[in-house]
Amino acid sequence: MRLPDANRYFSGLLSGLGLSYPGAHRVPDFDLTTTAGPTRLSALLRSGRGLLLDLGDHATPPGFTGQVGFVRASTDDAEYRGRLLLVRPDGYAVDPADLTRWFG
């Protein structure tokens with residue numbers, strides 16, 4: 001554990017940050033503004049449920065029946081502004097079209 005490369009490797013394994021999934025990417029814990037006020041993504045994921053996060057003005061996708069949380073919000077993060085994200089409880093975003101695959 002005295003070697004920095006070994007330390008990063010084992011830290012990634014223990015924290016889960018070293019995992020990757022096909023078709024999914026980890027979403028950073030960015031600042032959001034909702035109708036209830038400012039919050040962070042991690043606060044919205046505390047329930048342990050998936051989250052359909054609308055950072056634009058999207059129509060509700062087909063297959064959405066309320067099995068995951070739904071929040072409309074805005075962000076200053078240019079990479080995510082205007083997007084519709086389906087975020088799993090572990091913080092990975094997947095294609096919203098796969099809603100029933102992940103949460104059906």
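Four bridges connect β4 and β6, and the two strands run antiparallel. Strands here, like helices, are DSSP runs numbered from the N terminus (E, at least two residues, for strands; H or I, at least four, for helices). Two strands count as paired if DSSP finds at least two bridges between them.

Before I go on, the source. This is a predicted model, in which local features need pLDDT of at least 70 and side-chain atom pairs count only at pLDDT 80 or more, while totals for chains, interfaces and linings use all residues. Residues are numbered from 1 along each chain as its sequence is written, and side-chain values use heavy atoms, with hydrogens and water left out.

Back to the sheet. The whole sheet is open, with five strands in the order β1-β7-β6-β4-β5 and mixed pairing. Its edge strands, β1 (25–26) and β5 (69–72), each pair on one side only.

β4 is covered on both faces: Leu51 and Leu53 on one side, and Leu52 and Asp54 on the other, are all buried. Buried means under 20% relative accessible area, exposed over 50%, and partly exposed in between, with a 1.4 Å probe and protein chains only.

Now the cores. A nonpolar core is a set of buried Ala, Val, Leu, Ile, Met, Phe, Trp, Tyr and Cys residues joined through side-chain atoms within 4.5 Å. The largest one has 14 residues, and Phe30, Leu53, Leu55 and Leu85 have the most contacts inside it. Two or more of its residues come from each of β4 and β6 (84–87). Another core, of nine residues, lies apart from it and includes Ala24, Leu84, Leu99 and Phe103.

Contact means heavy atoms within 4.5 Å. Leaving aside neighbours within four places in sequence, Phe30 has contacts that include Leu41, Leu53, Leu55, Tyr80 and Leu85.

Last, Arg88. This residue is in the loop between β6 and β7 (92–94). Is Arg88 buried or exposed? Arg88 is buried, because its relative accessible area is 7%. Beyond four places in sequence, Arg88 touches Tyr21, Leu45, Val94, Trp102 and Phe103.
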